[in-house]
Amino acid sequence: MNEFYEAIQEGRPIEGLDIIDMHAHLGPYYNMHVPDPWAARMIRVMDRCGIAKTVFSPSFGFDADFVAGNDLMLKTIEEYPGRLYGAATVNGNYPELSVSELHRAFENPRVVMIKIHPVSSKCKLSDRRMKGIYEFASERKLFTLVHTWLEGDPWGSMDLMASMAREYPDIRWLMGHCGGPYGSYHSVELAQELPNIFLDVTLSMAPAGQLEFFVREVGSERVLFGTDNPFLDPRPQVGRVGLAGISREDKMNIFRNNALRLAKFV
Amino acid sequence: MKKLSFFDANASVGRIGHPHLLDIPDAAGLEKEMARAGIEEALVYHLMSVHGDAPLGNSMLLKEIEGHANLIPAWIVLPHHTGEMPKPKELLALMKDKGVRAARMYPTRAMHNFSLEEWCAGDLLDALEEKRVPLMLDTEIVSWEDVHRVLTNHPELPVIMTNCTYRFNRYLYPMFEKFENLHVEMSRFMGQCCIEDVVARFGARTLVFGTNLPQYTGTAAVGRLTYADIEWKDKEAIASGNLKAILKESWR
């Protein structure tokens with residue numbers, strides 16, 4: 001038995017561990033009912049399982065209005081300093097507006113990441129209209145979280161993300177969901193080739209042994225904790241990392257140390 | 001350490017052609033993954049029954065879990081008309097004789113290619129209902145309209161929905177309002193606070209613990225339930241009590 005096993009089985013936060021969630025959202029989503037999608041409930045759930053800080057981008061910014069999403073993000077991070085941090089959503093169909101949104105968002109030091117959702121925007125990662133976004137991210141060496149799902153995705157496949165990672169080596173590419181439940185092998189293959197690709201653990205259909213595989217093949221220094229809160233509940237991911245067959249140091253890297261090393265949380 | 005006792009409603013043994021990651025075909029491998037998450041018991045089916053041949057997989061299951069008292073068999077069943085499986089009453093007698101405690105069905109053309117309508121599966125559903133043997137249906141396979149019809153026509157049949165994702169509340173809630181015999185296995189029911197919301201509205205009886213091991217990890221479902229914002233007695237019911245109560249009512 002260890003501290004992680006006992007805490008998780010008893011349903012209490014792991015003592016002394018301030019988890020950082022690098023992949024979260026906020027607000028309702030057209031396709032589903034979320035019992036309470038707002039920040040106060042997110043904070044309560046975070047407290048329940050020991051998540052100290054969460055980086056989020058509002059859900060309605062992907063299929064609807066990304067500017068309205070950024071408005072909500074900027075307002076909410078002011079309401080919860082030290083707990084909630086922003087990911088600025090961009091949409092390649094609106095190239096100039098996306099770059100101006102980035103300038104607006106990153107004036108706030110609590111915005112720490114860019115979020116791209118290619119399946120929702122139907123704008124390919126390799127679309128020439130994305131160039132200004134990538135240049136902004138590249139100059140600042142920013143984390144850019146990309147939703148990836150299944151290798152056949154024509155808009156934001158893992159392979160497309162990798163080709164952008166080759167073209168823009170200064171961007172830290174966070175591979176959202178690592179391609180989904182069948183993406184483990186290919187995400188590892190790409191991360192082994194490209195040192196600027198980081199693996200996101202967020203997944204509702206999490207394969208048994210996936211974290212152990214990531215750590216063995218890529219190293220825990222490039223695996224980051226994420227949850228999809230409040231789209232998904234964050235507590236399964238705490239159980240998943242905490243009970244994984246990896247060392248305590250690896251768990252600490254995934255839960256928080258990598259995020260602290262790679263992003264600035266003021 | 002205060003710990004819940006976990007009884008997994010949705011685990012499998014056997015090899016699959018499209019694994020998510022690990023190759024864990026046997027009972028010992030499944031038990032190892034269960035132990036990692038702290039899961040004591042599981043209701044288990046064989047992947048050969050789903051993706052190969054149902055009768056063959058059912059017999060492989062009994063052989064594979066023999067001597068593993070914590071693994072309880074569930075069979076994949078088909079209507080009898082083609083002769084691949086015995087007539088319903090004979091099938092139920094065989095299941096009872098072999099200690100099989102639950103049935104799973106995979107209708108629709110892409111899977112076992114039969115209809116869940118009464119003219120096709122009605123006799124089998126009647127037989128399961130008469131003995132209160134729980135029927136497990138996969139949300140990815142059957143439509144909610146099918147589920148509604150089964151629950152309406154067979155009000156004494158316990159139905160457990162597997163693979164029920166966090167996106168289905170708009171279907172589920174009106175069904176929970178109507179049917180006491182509907183339960184959801186929670187391996188994919190991972191929407192934020194969905195467990196809390198369902199327990200508050202409909203009670204803890206609606207949910208049963210499950211993982212989809214060894215395709216998915218069991219650690220996520222364990223973390224979801226232990227950290228839930230519900231009373232401990234409700235956690236106990238979901239972790240194992242509800243499934244045990246359903247099984248206790250069967251074969252009466």
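**Chatting through a two-chain model**

Visitor: Where does Lys141(A) lie?
Guide: Lys141(A) sits in the loop between helix H7 (131-140) and strand S5 (143-149) of chain A. Keep in mind that this is a predicted model.

Visitor: What is the phi of Lys141(A)?
Guide: About 55°, a positive value, although Lys141(A) is not a glycine.

Visitor: Is Lys141(A) buried or exposed?
Guide: Lys141(A) is exposed, because it has 12 other C-beta atoms within 10 Å. The cut-off for exposed is 12 or fewer.

Visitor: And over in chain B, where is Thr108(B)?
Guide: In the loop between strand S4 (102-105) and helix H5 (118-131) of chain B. Thr108(B) is not a glycine, yet its phi is positive, about 80°. Thr108(B) counts as partly exposed because it has 17 C-beta neighbours inside 10 Å.

Visitor: Back to chain A. How many helices and strands does it have?
Guide: Chain A has 12 helices and eight strands.

Visitor: What order do the strands of the sheet take?
Guide: S1-S2-S3-S4-S5-S6-S7-S8 in chain A. The sheet is open, and the pairing is parallel.

Visitor: Which strands are at the edges?
Guide: Strand S1 (19-24) and S8 of chain A. Each of those pairs on one side only.

Visitor: How many bridges join S5(A) to strand S6 of chain A?
Guide: Six, and the two strands run parallel. S6 of chain A covers residues 172-179. In this part of the sheet, Val146(A) stands opposite Met175(A) in S6(A).

Visitor: Which strands does helix H8 of chain A touch?
Guide: Helix H8 (residues 158-167) touches S5, S6 and strand S7 (197-200) of chain A as it packs on the sheet. Its direction makes about 170° with that of S6(A). Helix H9 (residues 184-193) of chain A packs on the sheet too, touching S6 and S7. For H9 of chain A, the angle with S6(A) is about 165°.

Visitor: What about helix on helix? At what angle do H4 and H5 of chain A pack?
Guide: About 5°, with the axes 11 Å apart. H4 spans residues 66-79 and H5 spans residues 95-106 of chain A. That angle makes H4(A) roughly parallel to H5(A).

Visitor: Which residues make the contact?
Guide: From H4(A), Phe66(A), Val67(A), Asn70(A) and Leu74(A). From H5(A), Leu97(A), Glu101(A) and Ala105(A). They divide into five nonpolar, one polar and one charged.

Visitor: What radius of gyration does chain A have?
Guide: Chain A has 17 Å. That agrees with a compact globule, because one of 266 residues would have a value near 18 Å. The C-alpha atoms fill a box of roughly 55 × 40 × 35 Å along the principal axes. As for burial, 57% of the 266 residues count as buried.

Visitor: Where is the cis peptide bond in chain A that involves Pro230(A)?
Guide: It runs from Asn229(A) to Pro230(A), with omega near 0°. Pro230(A) lies in the loop between strand S8 (223-224) and helix H11 (235-242) of chain A. In chain B, the bond from Leu213(B) to Pro214(B) is cis, with omega near -5°. Pro214(B) is in the loop between strand S8 (207-208) and helix H9 (219-226) of chain B.

Visitor: Last topic. How many residues does each chain give to the contact?
Guide: Chain B gives 35 residues and chain A gives 40 residues. On the side of chain B, helix H1 (27-37), helix H7 (169-178), helix H8 (194-202) and H9 each give two or more. The largest share, seven residues, comes from H9(B). The residues on that side of chain B are 15 nonpolar, 10 polar and 10 charged.

Terms used
Residues numbered from 1 in each chain as written. Chains lettered and ligands numbered in written order. Predicted model: local features only at pLDDT ≥ 70, side-chain atom pairs only at ≥ 80, totals over all residues. Helix = DSSP H or I, 4+ residues; strand = E, 2+ residues; numbered from the N terminus. Rg over C-alpha atoms; globule rule 2.2 N^0.38 Å. Buried ≥ 20, exposed ≤ 12 C-beta atoms within 10 Å, placed from the backbone. Axes fitted to C-alpha atoms, helices over the stretch in contact; angles between N-to-C directions. Parallel < 35°, antiparallel > 145°, perpendicular 65-115°, else oblique. Contact = placed C-beta atoms within 7 Å. Nonpolar A, V, L, I, M, F, W, Y, C, P; charged D, E, K, R; others polar. Pairing = 2+ DSSP bridges.
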